[in-house]
Structure formats: structure tokens, C-alpha cells
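Please have your viewer ready before reading on.

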Amino acid sequence: MTKTTHLVGVDHAGFTVSSLDESIHFWTQALGFELQRQSEMGGDFLYQVTGVDDPNVRTAIVSAPNGFMVELLQYSGGRQHGAAPESAGAIGAAHLALTVEDIHSAIARVEAAGWKAKGSPQPIPGGPRKGTLAAYVSGPDHITIEFMQPPSR
């Protein structure tokens, strides 16, 4: 694939949200990301890039401690465009996996900020990640985050 697409790497992940302010709160306060910048854009450029009609959008970039960036986008059309599926098993559902030092503390922080775990931490039973604890949490707009705590070495 890289020979034909000239893929260099991953730049960021993006999530469309219903409330940029609520999402910034979740990503910074509950997950520990840092707000890098906010902006607004729209017009023909964004229509040509996204194919979204009348694409006026407010955006924020948040970054993880290792520098990985997440773009949050609140389109002016809001909920008329639909919503993310509530079930992690729904077609089109996606998640972002974050490595944490203490999965129980990470879940407690999310719950203290007003969101919830979808399940309970469980060790991966086999394979190259055997013993890694994994659990899903749900943030605003049903965006799913997977916490992964590698086993102690």
C-alpha cells in the first residue's frame, strides 16, 4: 500500500461532536489531553474537502501526552447529520485506544467527570497483548475510548 499511496504516517484522528465545549472538557479533564488550539472554518474549501453541504464548523485540536492529536469538529448543522452509534458493535462505530498506567484510575477519572465505563477491565487472554487490561468508556456523543493497561514487567 505504501508504494502506491506514499503513506508516511498517521497525522490525527477526528471526531464530529454535538458540543465542542463539552467535548473539550471530556478530552482535557477526563482523559488528560491538552487543548492546543481552536478555530472556525467553512465555505467552498471545506465543502470541497468534506462533501458536507454548508460546512461551517468550529474545531479544536487536543493532544495526548505523547503528541498524538485528535481533532474535534462541531458542524453548524449539528444533529441533522445524525449521531454516532451507541453500541460499540454497530456498523460504523469506531474507537480510539489509549495506553494508561492505571486503568482503574483512568475509569474513575472519566466517571468523576460525568461519563461512564461500558464494561469492566478484563485481561486479554492470549496473543501478543496477553495480560493487558482493556475496557471501553463512553464520552460525549457515544464516542468510545478504549483504555489499555499493559501488564507489569
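In which sense do strand β6 and β8 pair, and over how many bridges? Strand β6 (residues 116-117) and β8 pair in the antiparallel sense over 2 bridges. Strands pair here if DSSP finds at least two bridges between them, and strands themselves are DSSP runs (E, at least two residues) numbered from the N terminus.

A word on the ground rules: this is a predicted model, in which local features need pLDDT of at least 70, side-chain atom pairs count only at pLDDT 80 or more, and totals for chains, interfaces and linings use all residues. Residues are numbered from 1 along each chain as its sequence is written, and side-chain values use heavy atoms, with hydrogens and water left out.

**Strand β8 and its partners**

β8 also pairs with β7 and with β9, as the table shows.

| Strand paired with β8 | Sense | Bridges |
|---|---|---|
| β6 (residues 116-117) | antiparallel | 2 bridges |
| β7 (residues 122-123) | antiparallel | 2 bridges |
| β9 (residues 144-149) | antiparallel | 6 bridges |

Some individual positions can be picked out. Lys 116 stands opposite Ser 138 in β8. Ala 134 of β8 is the bridge partner of Gln 122, and Ala 134 also stands opposite Met 148 in β9. The hairpin of β8 and β9 has 5 residues between the strands, and there Asp 141 takes a positive phi near 60 degrees.

Why is strand β8 (residues 133-138) described as largely enclosed by the rest of the structure? Because 5 of its 6 residues are buried, that is, under 20% relative accessible area with a 1.4 Å probe, protein chains only.

**The aromatic rings**

A search of the whole structure finds 4 aromatic pairs. One of them joins Trp 27 and Phe 33, edge-to-face, at 5.0 Å centre to centre with 90 degrees between the planes. Rings of Phe, Tyr and Trp (its six-membered ring) pair if their centres lie within 6.5 Å, and planes over 60 degrees apart count as edge-to-face. Both Trp 27 and Phe 33 are buried.

**Ser 63**

Phe 33 turns up again beside Ser 63: leaving aside neighbours within four places in sequence, Ser 63 is in contact (heavy atoms within 4.5 Å) with Phe 33, Glu 34, Gln 36, Phe 68 and Met 69. Ser 63 lies in strand β3 (residues 57-63) and is buried, with a relative accessible area of 10%. The side chains of Ser 63 and Gln 36 make a polar contact (2.8 Å). Such a contact is a pair of N or O atoms within 3.5 Å; within protein, one must be able to donate a hydrogen and the other to accept it, and residues adjacent in sequence count only if both atoms are side-chain atoms.

Notes. Phe/Tyr/Trp six-rings, centres within 6.5 Å; stacked < 30°, edge-to-face > 60°. Buried < 20%, exposed > 50% of the residue type's maximum accessible area, 1.4 Å probe, protein only. Helix = DSSP H or I, 4+ residues; strand = E, 2+ residues; numbered from the N terminus.
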